Amino acid sequence: MNTYKFLLSSRAPSILTADKAVPLKIDELEFGSHYIRVNRRYYYYALYQVDCKDKVLRKVGGYNTRTKRFPHDVDEFGIPDYYINEAGGMLPGNNRRREENLFGDIDLENIPTAEGRFEIHIGTFRNFDLRVIERVEYTGDLKKAAYSLMKFMFAKRRHIVQVNTLKNTPPCPINLKMRFKHIFLGAGLSLKLKRVKPIIDESSLPLEKLTIVVNHHNVHEMDQEIIRTAKILDLRVYDHQIFSFVQIAANMVTEYDFGLCGSPNNEDFIDLIKNWVETDRSTGTCFTFKCYDSKENSFIQFLNHINERIDGAVVGNRCVDIPMNNFKKLKISYEELPSCEFQIKMTVVTLE
């Protein structure tokens, strides 16, 4: 579907009715801070003061270098809510000095302290083309703009919305279902799972692919059905204790993007190999492991170490085979990727 139809249907009820009857298929859907991205087009919502003396719209807030956050709601003076809370109810800074305060490291602008009128602007952005679709009166809750925008775009459609890849979760709860093939969840796994599960239609499960950012604190989440049943589980990992994830993952295909440099710890891999042999993993089970800034000699030594530690192992060209029960073997190999990374691959295959 051409995403310009969202803009047209917002102005013409007849087009809106026809649009809701047409299946909506999206390649990539991303929920961000103050925006929703549908493929390459961004639908944003932002807060502006509209009664400034110079008659120029003033965008309230923006990224704050100290709090590392985007402001949400403001009071009647246009001061973001968490600035006031952190300052104990008083306005910090506001003195044009270069000093660290709640407005950031550089505070060169006086914040107006007169009451103002604010509007939420909802618009689209693509290829430096910025268009405002709607201007809505601000009533103290910016999240309502996100809810209204999601409801307008995706709710009350005759056919369920189909999305190839979802990136991140909705900023607020909404009563609708979508069909997904691939879901990418960033940091904060527990909260992201809680937010995304209510919008997943049952026909999506098992997911074709699930990408999650994890560390050893998230091991308890691995038993959740959405993770356990994903056909491809892509783990983005940032600590060495993460092999515990792979040992308990029941997924047929597990992709392991290791966020640290160097070749993997040999003993961790030996334990993983023994676990796969002892649990008699099914034919076709596959595990790939990317390593950054590694040298090929490290992987040659790695395969030789496996050959020395595992009974019955046979070294081949860039690989080692380990016998399993039921006419199977575990093939462990490595290859250099075009991006100058190395990838280790473990696959359970039938004996030739």
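## Surface and overall make-up

The accessible surface of the protein comes to about 18800 Å², and carbon and sulfur atoms hold 50% of that area; such areas come from the Shrake-Rupley method with a 1.4 Å probe, and for residues only the protein chains shown count as cover. This is a predicted model, in which local features need pLDDT of at least 70 and side-chain atom pairs count only at pLDDT 80 or more, while totals for chains, interfaces and linings use all residues. Residues are numbered from 1 along each chain as its sequence is written, and side-chain values use heavy atoms, with hydrogens and water left out.

The secondary structure consists of nine helices and 16 strands. Helices (H or I, at least four residues) and strands (E, at least two) are DSSP runs, numbered from the N terminus. Of the 352 residues, 44% count as buried; buried means under 20% relative accessible area, exposed over 50%, and partly exposed in between (1.4 Å probe, protein chains only).

## Helix 8

Helix 8 covers residues 266-278; at 1.5 Å a residue, its 13 residues should span 18 Å, which agrees with the 18 Å between its end C-alpha atoms. The expected span is 1.5 Å times one less than the number of residues. The buried residues of this helix are Phe269, Ile270, Leu272, Ile273, Asn275 and Trp276. Just after helix 8, Asp280 takes a positive phi of about 55 degrees.

## Salt bridges

The structure holds eleven salt bridges, each a side-chain nitrogen of Lys or Arg within 4 Å of a carboxyl oxygen of Asp or Glu. One of them joins Asp223 to Arg228, with the closest N and O atoms 3.6 Å apart. Asp223 counts as exposed because its relative accessibility is 57%, whereas Arg228, at 36%, is partly exposed.

Another salt bridge links Asp234 with Arg236, with a closest N and O separation of 3.1 Å. Asp234 has a relative accessible area of 5% and is therefore buried; Arg236, with 24%, is partly exposed.

In a further salt bridge, the closest N and O atoms of Arg318 and Glu296 are 2.9 Å apart. Arg318 lies in the loop between strand 13 (314-316) and strand 14 (319-324), and Glu296 belongs to helix 9 (residues 296-309), so the pair ties together parts that are 22 residues apart in sequence. Arg318 is partly exposed at 34% relative accessibility, and Glu296 is partly exposed at 29%. Elsewhere, salt bridges that share partners join Glu28, Glu30, Arg37 and Lys167 into one network.
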